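Visitor: I would like to go through this assembly with you. Could we begin with what counts as a contact?

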Amino acid sequence: MSLNVSNLTVHHGAICAVNQVSLAVPTGQLAAIIGSNGAGKTTLLRTLSGLNKPTSGTMNWMGESIMGVKAENLVRRGISHVSEGKSVVPALTVKENLLLGAIWRRNAKEAKQSLEEVTSIFPRLGERIEQRSDTLSGGERQMLAIGRAIMAKPKLLLLDEPSLGLAPLVIEQIFQSIKDLTQSMRLTVLLVEQNAMGALKIADLGIVLNLGKVVAVDNAQSLIADPVVRAAYLGY
Amino acid sequence: MHKFKVGPVSSFFGFTIAGLIILLVSSKLDDVRVYQGATVMMFVIGISSIILLTGYSGQISLGHGAFLGVGGYAAALTRNNFNLPVIVCVVIGVLVAAIAGALIGLSAARLSGPYLAGSTLALAVGLPSIVNQFEILGGEQGLFFDVGMPPAFLGEGFSPYRWFFYSATLAMLISLWGLRNLLNSRYGRTWRAVRGNDVAAQLSGVDIARSRILAFTVSAGIAGLAGVILAMTLGSVSPGAYPLVLSFSLATGAVLSGVNTLGGVMIGAVTLVAIPEIADSISHRLGGSEAVTTNLPGILVSGLLILTVLFVPNGPVEQMRLSRNKKRAHAGR
Amino acid sequence: MINLLNTFLNGITSGAIYSLMAISMVLVWRSTRVVNFAQAGMALLSCYFGYEAVQRTGSFWIGLFIAMLAGALVAAIIEFGFMRILLKHSSQGPIASVGPIIATLGLLGLIKGVIGVVWGNADVLIEPPFSVVGFTIGENTLTFSPLKLLTLITVAVLLLSMTWLFQKTNLGLALRASAHEPEISRLAGIKVDLVRTLGWALAGAAGAAAGMLQAITGSGGMNPNSIEFMLLLVFGFIAAVIGGLDSMAGALVGGMILGLVLAFTLTYVGGSLVFLTAFILLLVVLLVRPQGVIGQKAGRRA
Amino acid sequence: MQINRRKLISASAVMAAVALAASVIPAQAAGEVGVTKTSIKFGMTSPKTGAAAPGYEKIPGAVKAYFDYVNDNGGINGRKLSLVHRDDQYVPATAVQNAIKLINTDKVFALLGTLGTASTKAIVGPAGPATVYKVPTLYVNTGFSGFADKKKYPNTITLLPSYVMEAKVIAKYIKDKYPNKKIGIVYQDDDFGKDALTGFKTAGLKFDVSVPYASLSQGVATVPPTWIQKLKTGGAEVVVMFGVSSATTALLGTAYALSYKPQWILASIGGDATTIASSKKIPVSFMAGAKGLSFAPSPNDSKDEYIAKFMEINAKYNPGVAFDNNIVAGMTTAFLTAQAVKAAGTNLTRKSIVAAIEKSGSTFANPALAPLGYSTSSHVGATGYWVGTYDATGGLDPDDNKYTVYTTDSGSAPVVVSTYKRPAMPEKGLPK
């Protein structure tokens, strides 16, 4: 198990957003976290990437605790987080946004290589490399955001609602590329999604979160099959 | 603080009592202190105008000295050219300052914190040069503003400074009382709403721009009153009497008092006047080179200001209330 | 004709200094979203260090260097030891909108006081390193002198090196990213707090440079309450606002516009209106183009 | 809100408490305030800090230095002179508060050399402390002619010649020396500049080019060059500079930059060579040939007996402070004050000292080369100027080696060459 979380509790002021959550993701697997609004999905992710402070519990990555480690340092431990919404810096060009991802590595050559890798994965970004990122379409921005995360040579990728506000066609592309990446780069991925169906389809593991508590953990396929889950989250 | 509502009438008595106390105490004081007292009152009025602006409508002004100046000059001009009774001149001073405030407010309403701060600062730097453009404004040496000697019934040889102090105190009480009632009125609530949350206020149908402009106008008017008081205590108006330092002092005093309640307004005013005294006594005790003694007041007041912003950002009074409420809450458990 | 040329050259020379000051305010604004009204005070303090260096070495260049170094240090210390705490403490309540601004005023007062204690209240002077005698065209002598040329060159060099720093280096990338999206920058592994301090340091250096140039081109000496430095602050701010307060390119343009507008009003309208002109220019820009003359998009470009 | 109101009241109580700490005036003992058998206390308010401080901040030190010198030589009539100084940062409000303190708390006998027209006006004006407490204000340090009006300011004694006088003298000089040349003027566009214009008008001098500038605007680098441009375009051959020293420095600096060399005439307020030279913006030699005015000998004329004495005193009692015209101003004030005290005799009162100055003030020994105008009807100080030429070292030398002093008044009186013979310095520079 590369990612191990047990009894994690996170508060927003008085509200308990994540309550005694425990989960484990094996290396190289793609876990989808689904659940309705306010289920605490985003908070869980932000806590894992060091943006939110946990109240109690433990988080281990590769056998080492990452409790209270600052976000900027988690990147150095191979954890990349693509936060909710199009997480790019609008004022910067596509290229600059991508280089941003590799900035902590302080190595121009490697950065250049990763840049080529990413542009080969997302040719669209290659075409728009010199444009300011606020001129990109929603889908392109999401690619850019993911691309930036990849530039950091991550082992664990935390994706927050990559499908948010995208057209169905684009969503499919994004999900596809996520799946490909997971395999090609042997990434461990934690994918938070409203679009439960889409997410579970590409996921190995499914985790259902409700009101901050884990209500179901199973492999994705059987979750899709589960009538309760269907009714509650897949909408048929 | 809106929980305990007190009608204008009963609050009126509160202010009257405050006035009587001040009157009583002041009878023991020599001219130095009563003159400083008058200055304190001037600051109280000036600071309350900033508190209204910042604490209740979320705007800022680093150039309020300009409005004090406008008020003072307006009063002096009416006094000198039409020889109207002082009280009329005061009213005119306030009105003219308010109008000036409305004009600036029109643009201020569209500016956010730092922009507004800078523009008002630029105003305070730019405005004084006007006095040399028009003969009637008397240039750098300014104009006399003679409110005349104390009324006869106060007795022969009654110190004019004591008289200034009484007038200033009266002006202070009236303006604070008026301001307090205004803040408890519909307008006051609107302002707080705007300060609290533009969007929400907008949704609840508040015309933000209008309420901002109104706040700025009233604030400038009150500042104008302070300006007239200052002119009275100086017996004259001149650009030098309303320097940039004055604008900064007002902002400082407002923060020392706590910008979100009028309750502490006295604290800032007294501090501003007391600091040089304190500095004096300190340097007397410690001796210290001239370079130190001359710069001590500036250092003290700036240091105090910074400490306040750092550790009691909402001002002593608010702080006390907060801590008291905390205690209550604990007791409640 | 010669008047026109003179006016123009005057405009850009003083404009260049305003630009430098404006840039230092922009840098602070971008890194902490605070307009630092102590900027000129910090510049003044740095210039006193520069002055000491000039006194000891006799070289203006060493003085300039020391001043910029001191400026960077002072700014870094203030950001680290003061601004961080400040922004934590006064981040909510009505104070939030004014606290930082007022605090920088306090800072200004404190700095003045310290200068007064250490160097006294009298004027100190830095000798211009170059001749102030204007160049001549035919029998006409220009107001434009080697000293002013030097001023322009210095500003140009500083601006170019800053542009290089911001556009071509990782530090620059980090500075620009954290200015706009601190959280994303953290996720990219940037130590945003450190970068913020560096931003202030750069601002301090730029301000110090502006101050040194003001000190040698201005008419008076330096003293704790130097009016020339107070004006430098006001004009620097106005220039920054004209440029949109968020853009270094904008700050440059803003400074030049301000410098030229002042120069031309002075020559062709009247000498008594300089401050009002500046104020009116500011208001007009704020009301007509609040996002600054070079526009929102460009204005945001780092 | 209740809480709030209570706060307000308690707050005012706090302030009252602060105030209560105040001392209460004790019943006045016999004899004049601030005067004892062995001492006389004077008060002074002027800028030590603030924008106007540089330069002026030396004056109180100079006054003290001379007083110490006198005291070391037995004081006046057995009384030692002391000075209490308070810093007003050139802000009138502070100046008034200082004056009230000096009078009530420090219990000074009289005020000295208040600086700046606005501040002085606030102090000696109708409601000003000097008027309210009938405290004399001696040798005020401003060129505003109004203060010499005895009816308006019965307790105020001026020292400097008025701007109007200076303008009239310059006008006369120009008419004599530079007939039918093109004349230009640069002046500060405020009352002090306007005073000057009145002077030129009464003397009937018209300007071909006139360049007003806003006070402080010389601090904006863009400004001074425009002055020169206007002067050049107007083809001025003789240029009068009627501005403060920072502006004069700026003007000369720019002129030097443009190698623009008209015949300069620098009004005394800004024409102090030491100040201009110390700005390091121009070589002093550039001033050579410029005309300047003064009513006292130039501060580096060490051959002058008064200057020499003052230099000696400054070196001993005010060590480490560079000798310049501010020191001369301060010592002159102190010197005249000492003589006034002497003249008022052992039974010194606030009335008697003013009377003494009115009676014999015009005969007091002092560096001024122009006659002092004190009389029972007027409080005018020095009433004229001598015109000289700056040499390459910045010294102002009288034309053809003799001080030709022009004297006049602030009104319509003509400008005449004065026959005034300056009283020789009493032995050891002490009042006799």
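Guide: Two residues are in contact if their C-beta atoms, placed from the backbone, lie within 7 Å. Please note that the model is predicted.

Visitor: How far apart are the closest C-alpha atoms of chain A and chain D?
Guide: They lie 29 Å apart, and no contact joins chain A and chain D.

Visitor: And what separates the nearest C-alpha atoms of chain A and chain B?
Guide: The distance there is 16 Å; chain A and chain B do not touch either.

Visitor: Which of the touching pairs has the most contacts?
Guide: Four pairs of chains touch, and chains B and D have the most contacts among them.

Visitor: Turning to chains C and D, how many residues does each give to the contact?
Guide: Chain C contributes 37 residues and chain D contributes 38.

Visitor: Which helix of chain C gives the most to that side?
Guide: Helix 1 of chain C does, with six residues. At least two residues each come from helix 1 (2–32), helix 9 (227–242), helix 10 (248–268) and helix 11 (274–288) of chain C.

Visitor: What is the make-up of that side by class?
Guide: The side of chain C that touches chain D has 23 polar, eleven nonpolar and three charged residues.

Visitor: Now chain D by itself: which domains are assigned?
Guide: Domain 1 covers 39–161 + 301–382, and domain 2 covers 164–294 + 387–417. The centres of these two domains of chain D, taken over C-alpha atoms, are 28 Å apart.

Note on methods
Residues are numbered from 1 along each chain as its sequence is written. Chains are lettered from A and ligands numbered from 1 in the order in which they are written. This is a predicted model: local features need pLDDT of at least 70, side-chain atom pairs count only at pLDDT 80 or more; totals for chains, interfaces and linings use all residues. Domain bounds come from an automatic or database domain assignment. Helices (H or I, at least four residues) and strands (E, at least two) are DSSP runs, numbered from the N terminus. Ala, Val, Leu, Ile, Met, Phe, Trp, Tyr, Cys and Pro count as nonpolar, Asp, Glu, Lys and Arg as charged, and the others, Gly among them, as polar.
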